[in-house]
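This report goes with the sequence and the model shown below.

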Amino acid sequence: MKQQIRAIFFDLDDTLCAYWSASRRGLRQAFEEAPLECDPDKAIEAWRNVFSTFSPEIKTDSWYERYLESGEPTRTEHMRRVLTSLGCPSDQLATKLSARYAELRDASLEPFQETHEVLEFLKSKYILGLITNGPADVQRQEIETLGIGEYFDHILIEGEYKLGKPHQEIFDEARRLSGFEHDEMLFVGNAFEHDVQGSKNAGWHSIWVNKAMETNPGSGPQPDAVAFNLWEVVDWLGHERPAYADNPEIEGSKAVAKNWRR
Ligand SMILES: [Mg+2]
């Protein structure tokens, strides 16, 4: 079955790069620099609390269309709500914090240690693609910052396609672009529902990247394999790792804080 794979599509955030740790570093510095009375940790906690309620709201009609085009409106609204919850409401400071956070987050964004080597190794053997959720401008900037665009034959971004994972249509579109059958497609991603179950429901093979050591929810479609390092995708495909991939420092890749975004 693994020999059938002809196209591999990857998720971006926390599959190929340490998005959440970059986010946390960016937030911390932005809050430290801001004229806030409270401790940066308290501000980060407030940001997390707003995240849990505001994230589902972003998918509703009032925000979603603007969110698809740009991360700015919802990021600024997020900061506005954080400042309000901290007892220091300010639209002006929210706008400034939003811009500074985006700048610092992007500056902190790094690929995982093995990302470039694995993509380079796979590129000569498979059609490669990316399916990433998020605003068009933010995701394009990330691809640019990470310098990974050249590896991919197809890049599908929620903000550009106007629909994201786990919807089957975006997986179907990726497969159509590739020109292969369902069992020739492999998806590699860290989000169990969006990536693993989304791709399995679309009839693909699926590898769950679980650097954060999250617990498998147990119900619903299951991944074909679990990888803690992207070289394990190469292993699963049946290739021998190149000599330079020996002894990957798996610990060094665990840049995602497991519970941080809950
Ligand atoms: Mg992800």
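Predicted model: local features only at pLDDT ≥ 70, side-chain atom pairs only at ≥ 80, totals over all residues.

Residues are numbered from 1 along each chain as its sequence is written.

An open sheet is formed by 6 strands in the order S3-S2-S1-S4-S5-S6, with parallel pairing. Strands (E, at least two residues) and helices (H or I, at least four) are DSSP runs numbered from the N terminus, and two strands pair if DSSP finds at least two bridges between them. The edge strands, S3 and S6, each pair on one side only. S2 and S3 pair over 4 bridges, and Gly 129 stands opposite His 154 in S3.

In helix H9 (residues 168–178), the buried residues are Ile 170, Phe 171, Ala 174, Arg 175 and Ser 178. Buried means 20 or more other C-beta atoms within 10 Å of the residue's own, exposed 12 or fewer, and partly exposed in between, with C-beta atoms placed from the backbone. The face of H9 turned away from the buried side carries the exposed Glu 169 and Arg 176. What covers the buried residues includes these elements:

| Element | Residues |
|---|---|
| strand S1 | 7–10 |
| strand S2 | 127–132 |
| helix H8 | 158–161 |
| helix H10 | 192–201 |

A nonpolar core is a set of buried Ala, Val, Leu, Ile, Met, Phe, Trp, Tyr and Cys residues joined through C-beta atoms within 7 Å. The largest has 46 residues, and Ile 8 and Val 188 are among those with the most contacts inside it. A second, separate core of 13 residues includes Phe 31 and Tyr 101.

Note on methods:
Contact = placed C-beta atoms within 7 Å.
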